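Visitor: I have a structure open and would like to learn how to read it, one feature at a time. Where should I begin?

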Amino acid sequence: MNNHASRLLTRQQSMQNTENLMQHFKNGVHYDLQLESAILGACILEPKAFSSVQSLLEEDFLYNEFNKIVFTAISDLYKNGEKIDMITITHNLRKKKITEHNGENVPYILSQLMMDVVSSAHLEVHSLILREMYMERELTRISHSKFEGDAIEKAEAIQTAIKRALTVNGVDD
């Protein structure tokens, strides 16, 4: 088998492993799409909301892929000292050639995120819940992963994955 075919097979196996793993994730335990939407929506609606959660969240803490894209856009705007609202986020995403997702245009999706906002009063607590859910996903991923190599290499890979999961502080930090 040539190198290209080997990489393709490895990529296909990785995608299959990811699909199998996602079957183990449970809404409300490993992710909460409504919570993600409420946090992002509050960050869009409230001028100072992102500053209260930016140190608590990372893109990977979000489960939904488009929510990760929106989070990154908001984070980029914040880091550049720009205003955060539906228009600036849409503009930021357009510059990256992202104008729609799953057939829906970006402004519509952002408006849906804002509709999930009940209050921005507890954003920090909500962010910590997302962090904890991320940790649960990581631990599930680790427990279902097939690490390659000899015993020492497998142990080192598991140790690295566990260290990554443990560097994220949960709700009790």
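**Reading the helices and loops**

Guide: Begin with helix α2: ten of its 13 residues are buried, so α2 is largely enclosed by the rest of the structure. Keep in mind that this is a predicted model.

Visitor: Which residues of α2 are buried?

Guide: The buried residues are L35, E36, S37, A38, I39, L40, G41, A42, C43 and I44. Each has a relative accessible area under 20%, the cut-off for buried.

Visitor: What covers the buried residues of α2?

Guide: The cover includes α3, α4, α5, α6 and α7.

Visitor: How is the N-terminal end of α2 capped, and by which residue?

Guide: D32 is the cap, with a side-chain oxygen 3.1 Å from the backbone nitrogen of Q34. As for length, the 13 residues of α2 should span 18 Å at 1.5 Å a residue, and the end C-alpha atoms of α2 are 18 Å apart, which agrees.

Visitor: What is the order of the elements in the protein chain?

Guide: The protein chain has eight helices and two strands. From the N terminus the order is α-α-α-α-α-β-β-α-α-α. Of the 173 residues in the protein chain, 33% are buried.

Visitor: Among contacts between residues at least 6 apart in sequence, how many join residues at least 24 apart?

Guide: In the protein chain, 71% of those contacts do.

Visitor: Now to α4. Which residues of α4 are buried?

Guide: The general idea first: an α-helix has 3.6 residues a turn, so residues three or four places apart point the same way. In α4 the buried residues are F66, N67, K68, V70, F71, A73, I74, S75 and L77. Their cover includes α2, α3, α5, β1 and α6.

Visitor: What is found at the start of α4, and what follows α4?

Guide: At the start, a side-chain oxygen of N64 comes within 2.9 Å of the backbone nitrogen of F66. After α4 comes G81, with a positive phi near 70 degrees. Between those, α4 has 15 residues and reaches 21 Å from first C-alpha to last, close to the 21 Å expected at 1.5 Å a residue.

Visitor: How do I describe a pair of helices?

Guide: Two packed helices are described by the angle between their axes and the distance between the axes. Here, the axes of α4 (residues 65-79) and α6 (residues 106-115) come within 12 Å and cross at roughly 95 degrees. The two helices are therefore roughly perpendicular to each other, as angles of 65 to 115 degrees are classed that way.

Visitor: Which residues of α4 and α6 meet?

Guide: From α4 come F66, N67 and V70, and they meet V106, I109, L110 and L113 in α6. By class, this contact has six nonpolar residues, one polar and no charged residues.

Visitor: Let us move to α7. Is T140 buried or exposed?

Guide: T140 lies in helix α7 (residues 123-144). T140 is buried, at a relative accessible area of 12%. The T140 side chain also makes a polar contact with the side chain of H30, at 3.2 Å.

Visitor: Which residues does E124 touch, leaving out those up to four places away in sequence?

Guide: E124, another residue found in α7, touches S52, V53 and L56. With a relative accessible area of 35%, E124 is partly exposed. Sequence distance and spatial distance can be read together: E124 and F50 are 74 residues apart in sequence, and their C-alpha atoms are 9.9 Å apart in space.

Visitor: How far apart are I129 and F61 in sequence and in space?

Guide: I129 and F61 are 68 residues apart in sequence and 9.8 Å apart in space, C-alpha to C-alpha. I129 lies in α7 and is partly exposed, with a relative accessible area of 31%.

Visitor: Last, the loops. Where is K97, and where is N102?

Guide: K97 sits in the loop between α5 and β1. Its phi is near 65 degrees, a positive value in a residue other than glycine. K97 counts as exposed at 74% relative accessibility. N102 is in the loop between β1 and β2, with a positive phi near 50 degrees, again in a residue other than glycine. At 70% relative accessibility, N102 counts as exposed.

Terms used. Residues are numbered from 1 along each chain as its sequence is written. This is a predicted model: local features need pLDDT of at least 70, side-chain atom pairs count only at pLDDT 80 or more; totals for chains, interfaces and linings use all residues. Side-chain values use heavy atoms; hydrogens and water are left out. Axes are lines fitted to C-alpha atoms, for helices over the stretch in contact, and angles run from 0 to 180 degrees between N-to-C directions. Helices (H or I, at least four residues) and strands (E, at least two) are DSSP runs, numbered from the N terminus. Angles under 35 degrees count as roughly parallel, over 145 as roughly antiparallel, 65 to 115 as roughly perpendicular and the rest as oblique. Contact means heavy atoms within 4.5 Å. Ala, Val, Leu, Ile, Met, Phe, Trp, Tyr, Cys and Pro count as nonpolar, Asp, Glu, Lys and Arg as charged, and the others, Gly among them, as polar. Buried means under 20% relative accessible area, exposed over 50%, partly exposed in between (1.4 Å probe, protein chains only). A polar contact is a pair of N or O atoms within 3.5 Å; within protein, one must be able to donate a hydrogen and the other to accept it, and residues adjacent in sequence count only if both atoms are side-chain atoms. The expected span of a helix is 1.5 Å times one less than its number of residues.
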